[in-house]
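Biologist: Can you put the model up? I'd like to go through it piece by piece.

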Amino acid sequence: MKRRDEVIVGVFVTITLIVGVFGTLWLARRGLSKSYPMYARFDWGNNLKVGQQVLLAGVQVGFVDQVELNPAGYLDVTMSIDKGRQIPANATAVVQNEGFFGDKSIALHPCGDAPPPVDRESPAITGATPEGGEPHCHPTSFLPPGDTIPTGTPAPSIDMILTRVDSMSGALDDVVQSVRISLVQKGGIDDLRQTIASTNALAQELTRVAAEQSKGLSLTLASLRRTADALDSTAIDSTVRNMQQTTENLAALTNSLKSTTTRLDNVMAKIETGDGTMGRLINDPGVYNELRQSLARLDSLIADVKANPKRYINVKVF
Amino acid sequence: MSAGYYPEPGRRPTGSFPLHQRAAMSIFRPIGRWTAGFFAQIGSRVYFLVDIFRALAEVRTYVPLTITQMRKIGVDSLPLAGIVAAFIGAVTAFQTTYQLFPGIQYSIVGWITRQSIILELAPLLTALVLAGRVGARMTAEIGTMRVTEQIDALETLAYDPVAYLVVPRVIAGLTMMPLLTILAIAIGIVAGGITVVTATPVRMLDYTTGLRLTFIPFQVYYALIKATLFGLSISLTCSYEGYIAETGAEGVGRSTARAVVISSVFILLLDALTALFLAPKLAP
């Protein structure tokens, strides 16, 4: 019994001490993982606390280990960085907001404050393309453990945003004030009311007219529908087919006309150039003259024949 | 019957005083009695403490018994303390989640749960529960031994009853309370994490980030200091009340009730005092 008690109590004490020591270590320094210190210096009033996250490019690499108030106007912050994580040489540290209500974390920007370059000409530097290009920032040298990370320009704090909002609300106040003056004090609101009333009347009138118009319109539509129903669809079909046929015939006719015209053109051209009989006939004045002479001779011959038929016509019956 | 009729030798009977002096006596005598009783209580407890310190020399008497008491006080109380801690942790984390207004980061759940459990709930509630479970038992045990004259028998046998009965319980209470508190903290935080991760939109990473936020190991030491004081207060008060129990079963019952009440009040008082003196050192 006594021996058993000793064993039970021993096991209990051992387990409890292990839980206590490891639990405290887990809470205080994220377990037994090895880490090394890095330092940064921020302005006063950054609301930094022990245990806040240290993020490198958005990934947690450590936590705030110690915040010392430096009487020279700075906070000397010791960060505990997990072993195996390295801080790029040109990184900058910035205190950034975590959530909306004043929680902070330290963000380490691996490439300093410079925005990613957008020069597409040199993909070795830029190339921040998701489809397999090189990242825009690929550090080659790293800060040694125990170094101080330079401080970058912080993102706008809630205070700054609030100040901006304050000035905006001031401007808004002015606007509201002037609206109030022009609307209420100068009687603009009465004008507005009258306008609204007359617009209302106009709208009612319009509604009435539109109602009548729509009655007429619906009648027209009904009669149109009747007409459309009356039309025989098969007759229309055949008509359309006939029209198609006619169109085709017309097209064929046009084609043959075209070829005829072409040939006629050729003939006319030949005639004009004087080729062929017709051309000569038309273009050669000699022909005309000869023809005239021939006709004149024929004329005289006919006259001679008329005068002396016997010379030419010998009718012998036997 | 009373002192008025049969005065002690050399004392003047009250009835022989003039009326106005008797009136003054009837006012001041109770006050004097109460004050004397109050200081007598304190003095009696101081004597009890002195007895305990004297009994600490008798190592061979109490060490074997201390192990048994450690098991009874510490190990056997683990289920109760664990259940209490688990529910406290779960409820704290769950309720905190629904207290948040939109836009606040969820890691605050872990932070608030850790702060309340480590700094206040785990030590205090474990102590209050143990005051009922362990303290009442302690008083009843010792009180019964007192009533049945076993303590007198021990004295007759040349055993120091304080070394035999009280010291093991005090040492066990002193050492087991911090250990139970450590386990209660661990169980409470784990239960809270499981609850919020399974039942609310809070993610595990939010919770663990909040758990580590502004944590300094002194918070655990603070809890352990509290737990040690609570354990000491429970075991001292309860064994004292048992040790001076009056005759009869009723006396034991009255002692037990008074022991639980007094130790609970002491626990709350010590809680306030530790907060008053040590809380400023908790700032990260």
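Biologist: Which residue in β6(A) is the bridge partner of Ala93(A)?

Modeller: Leu108(A) is the bridge partner of Ala93(A). Bear in mind that this is a predicted model.

Biologist: How many bridges join β5(A) to β6(A), and which way do they run?

Modeller: Seven, and the two strands run antiparallel. β6(A) covers residues 103–109.

Biologist: What is the strand order in the whole sheet?

Modeller: The order is β5-β6-β2-β3-β4-β1-β7 in chain A, seven strands in an open sheet with mixed pairing. β5 (92–98) and β7 (148–149) are the edge strands; each has a single partner, so one side of each has no neighbour in the sheet.

Biologist: Where does Met79(A) come in?

Modeller: Met79(A) sits in β4(A) as the bridge partner of Met38(A), and Val64(A) stands opposite Met79(A) as well.

Biologist: And what lies between β3(A) and β4(A)?

Modeller: Three residues, which makes the pair a hairpin. Gly73(A), in the turn, has a positive phi of about 100°.

Biologist: Switching to chain B. What angle do α4(B) and α8(B) pack at?

Modeller: About 20°, with the axes 8 Å apart. Because angles under 35 degrees count as roughly parallel, α4(B) is roughly parallel to α8(B). α4(B) runs over residues 107–147 and α8(B) over residues 218–243.

Biologist: Is the crossing left-handed or right-handed?

Modeller: The crossing of α4(B) and α8(B) is right-handed. The contact between these helices has 19 nonpolar, seven polar and four charged residues.

Biologist: How many residues of chain A are in contact with chain B?

Modeller: 26 residues of chain A, against 24 residues of chain B. Helix α1 of chain A, residues 2–29, gives the largest share of the chain A side, with 14 residues.

Biologist: What is that side made of, by class?

Modeller: The chain A side has 11 nonpolar, eight polar and seven charged residues.

Biologist: Last topic, confidence. What does chain A average?

Modeller: Chain A averages a pLDDT of 80, and 86% of its residues score at least 70.

Biologist: Where does pLDDT stay under 50 in chain A?

Modeller: Over residues 125–130 of chain A. The model has 14 contacts beyond four places in sequence for that stretch. Where pLDDT is low, the predicted coordinates should not be read in detail.

Note on methods. Residues are numbered from 1 along each chain as its sequence is written. Chains are lettered from A and ligands numbered from 1 in the order in which they are written. This is a predicted model: local features need pLDDT of at least 70, side-chain atom pairs count only at pLDDT 80 or more; totals for chains, interfaces and linings use all residues. Two residues are in contact if their C-beta atoms, placed from the backbone, lie within 7 Å. Helices (H or I, at least four residues) and strands (E, at least two) are DSSP runs, numbered from the N terminus. Ala, Val, Leu, Ile, Met, Phe, Trp, Tyr, Cys and Pro count as nonpolar, Asp, Glu, Lys and Arg as charged, and the others, Gly among them, as polar. Two strands pair if DSSP finds at least two bridges between them. pLDDT is the predictor's confidence in each residue, from 0 to 100. Axes are lines fitted to C-alpha atoms, for helices over the stretch in contact, and angles run from 0 to 180 degrees between N-to-C directions. Angles under 35 degrees count as roughly parallel, over 145 as roughly antiparallel, 65 to 115 as roughly perpendicular and the rest as oblique. A crossing is left-handed if the near helix is turned anticlockwise from the far one by less than a right angle, and right-handed if clockwise.
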